[in-house]
Amino acid sequence: MLEIKNLHVKLEEEDKVILRGVDLKIGAGEVHAIMGPNGSGKSTLSYVLSGRDGYEVTAGSATLDGAELLEMEPEARAAAGLFLAFQYPVEIPGVGNMTFLRTAVNAQKKARGEPEVTAADFLKLVREKAKTLKIDAEMLKRPVNVGFSGGEKKRNEILQMAMLEPRMCILDETDSGLDVDAMKLVADGVNALRSEGRSFLVITHYQRLLDHIKPDVVHIMAAGRIIKTGGPELALEVENNGYADILNEVG
Amino acid sequence: MALPKAKEDALSARLAGLPALSGKGWLAAARADALTRLQAMGLPAKRDEYWRYTDPTSLNAADPAPAKSFNPGDEAPPFDSLDRLKIVFVDGVFDPKASDDLSAEGIRIERLSDAAAADIHWAQGLYGALETKGQSPVQRPLATLNTAFATDGVLIHVTAKAAKPVSLVYIHNSETSDAILHHCVKLDSGASLTLLENGPAAARLNKVIEVDVGDDASFHHIRLQGRDHERRAVTHLFARLGARSELRSFTLTANGRLTRNEAVIDLTGPDARAHLAGAAVGDGEFHHDDTVFITHGAEACESRQVFKKVLMNGAVGVFQGKILVKQSAQKTDGYQISQSLMLDEDSQFLAKPELEIYADDVKCSHGSTSGAIDETALFYLQSRGVPRRAAQALLVLAFLAEAIQEIADDEIAEDIRVRLEGWLARHGNKVRV
């Protein structure tokens with residue numbers, strides 16, 4: 001599904017190298033987690049994969065089912081099946097949440113040469129999916145993320161994911177700013193989307209989220225590299241001992 | 001007080017290009033009075049504080065700068081699908097053949113020149129009267145010039161709820177046309193009217209509308225200033241609002257070399273409401289000036305000013321907006337926002353918001369911003385699959401939404417949104433975000 005090879009990235013405007021050779025391979029239907037201390041490059045990895053400006057790829061590649069992502073516009077990556085749930089979902093005053101969702105769904109369909117969804121079908125689908133995420137009609141009517149609480153914003157991200165049905169989902173610290181109940185709700189939303197053809201990359205600081213979204217593989221990232229890879233037990237080790245031991249061990 | 005030499009010369013040059021005033025009757029008297037007032041104040045000059053951001057030279061000149069009319073291609077003329085009473089002016093001259101019969105239930109309409117012959121006319125107390133009142137505390141000489149030399153116009157008396165909107169259509173054909181239009185609208189107590197205006201009117205347009213909104217009456221005004229690139233226009237809307245009355249005015253300006261839209265609104269009766277809004281989009285040689293003066297003279301009135309401009313490739317936007325709250329106007333609720341979205345670094349927005357408040361129990365808020373498109377929002381939309389151009393258009397429309405929401409009629413609001421989408425699609429390729 002997603003294959004990252006020797007990815008090197010620096011900031012465009014300053015000489016600051018952030019990723020120093022990331023290698024990562026996620027198979028279809030797998031859930032991988034990336035943990036790591038602040039500043040290790042986790043969020044940068046998610047932004048570079050989704051195509052945000054401000055980063056320069058100096059070496060390496062990232063392919064989605066063989067297609068090179070790094071050369072595509074962000075919208076083309078989305079149409080190819082990549083989705084990033086933002087750590088800080090963006091507020092867009094003046095654009096209704098519903099309009100936003102429908103524009104996005106139809107833009108992707110158009111890019112893939114599929115017929116657009118009718119207004120009626122779309123409405124039905126949104127209501128259904130929104131209900132399971134406890135997103136009420138009022139939230140759908142309001143401008144995108146404007147006046148949403150932290151939890152509502154994250155649930156709205158998962159709703160977008162559910163509507164867009166991507167194959168490769170990246171969740172960037174989706175647990176940040178959430179209380180236990182909200183995290184459970186978000187995790188349930190994610191779990192409902194797990195399937196053989198859909199893979200996840202879950203970026204998080206805490207093991208807690210991984211209690212709810214059970215990963216197949218856990219990676220530890222530090223100083224722009226993946227320094228250790230293991231099973232779910234690796235996350236527990238971090239939770240109990242912090243990153244220091246692993247960092248020392250790797251040297 | 002004698003005028004400075006430069007102003008005297010400018011006025012003489014302008015008057016030389018206009019016909020001498022003559023005739024008798026109430027209209028001739030109003031015109032003569034206006035000429036006397038104009039001679040005392042002179043034409044606006046770049047050095048006048050009120051014209052600091054907009055150069056009036058081309059509006060003052062004896063002859064208009066030539067301006068080609070614009071062919072909008074397959075874009076449907078505005079308001080075509082509405083049941084309306086259409087009054088057509090071609091290059092500033094009333095065209096009876098293209099116009100509907102000037103009558104409908106609740107409305108009486110006369111051409112200015114026809115009304116001039118009457119011994120006594122209701123417009124006698126209105127024509128030039130609100131304009132005269134609007135000269136203080138700031139002088140508006142181009143409106144006075146209009147009162148003196150208006151070449152055409154209509155007088156609309158609304159006695160009840162108008163059966164349909166009155167639609168003034170301004171067609172521009174001649175490259176050198178110079179139109180001076182003056183309309184008066186009087187709404188009796190409890191009457192209501194929607195006035196639609198569209199089209200560039202002429203190479204150069206000087207237009208005044210005086211509106212007397214009676215107690216409990218309601219006046220809705222929606223204006224589209226056409227898509228001509230080279231036309232120039234100065235317009236004034238003078239309105240007096242009675243108790244519990246309502247005025248809503250929305251203007252869409254796309255293109256135009258120079259536009260100065262002034263609105264002078266007097267809230268004279270308690271509980272009256274005035275909402276003024278404008279959306280302007282300009283690409284390249286575009287100078288657009290909204291100048292608004294709202295006077296709260298009675299208790300518990302509400303006023304809103306919402307002006308938004310999208311500027312690119314060196315376009316210039318100006319906003320001068322004032323709320324004056326007199327001592328008697330307790331419980332005033334005033335709101336003013338002027339914002340520009342600048343799609344490149346060459347464009348310019350000049351804003352002068354002013355509040356002058358003499359009452360002590362008043363709620364007044366104002367704000368003015370200018371900025372670029374939000375890159376983060378743009379990326380967010382793109383990351384969801386929306387192509388960059390479409391995402392830009394969506395964000396620009398979102399920026400304009402607050403102004404468009406001021407249009408009371410949903411169908412017209414939607415039509416205007418679609419027109420703006422078209423404009424953005426045509427001009428968006430030049431956008432450098």
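## Helices 8 and 9 of chain B

Helix axes are lines fitted to C-alpha atoms over the stretch in contact, and angles run from 0 to 180 degrees between N-to-C directions. In this predicted model, helix 8 and helix 9 (residues 410-427) of chain B pack at about 145°, with axes 11 Å apart. Helices (H or I, at least four residues) are DSSP runs, numbered from the N terminus.

Residues are in contact if their C-beta atoms, placed from the backbone, lie within 7 Å. From helix 8 of chain B, residues including Val396(B) and Leu400(B) meet residues of helix 9 of chain B, among them Ile416(B) and Arg417(B). The residues of this contact are 10 nonpolar, no polar and two charged. Ala, Val, Leu, Ile, Met, Phe, Trp, Tyr, Cys and Pro count as nonpolar, Asp, Glu, Lys and Arg as charged, and the others, Gly among them, as polar.

## Contact between the chains

Chain B gives 16 residues to the contact and chain A gives 21 residues. On the side of chain B, helix 7 (375-383) and helix 8 (388-404) each give two or more residues. That side has 10 nonpolar, four polar and two charged residues.

## Helix 3 of chain A

Helix 3 (residues 97-111) of chain A has 15 residues. Its buried residues (20 or more other C-beta atoms within 10 Å of their own, C-beta atoms being placed from the backbone) include Phe100(A), Leu101(A) and Ala104(A). Just after helix 3 of chain A, Gly113(A) has a positive phi of about 75°.

## Conventions

Residues are numbered from 1 along each chain as its sequence is written, chains are lettered from A and ligands numbered from 1 in the order in which they are written. In this predicted model, local features need pLDDT of at least 70, side-chain atom pairs count only at pLDDT 80 or more, and totals for chains, interfaces and linings use all residues.

Conventions: Contact = placed C-beta atoms within 7 Å. Expected span 1.5 Å × (residues − 1). Buried ≥ 20, exposed ≤ 12 C-beta atoms within 10 Å, placed from the backbone.
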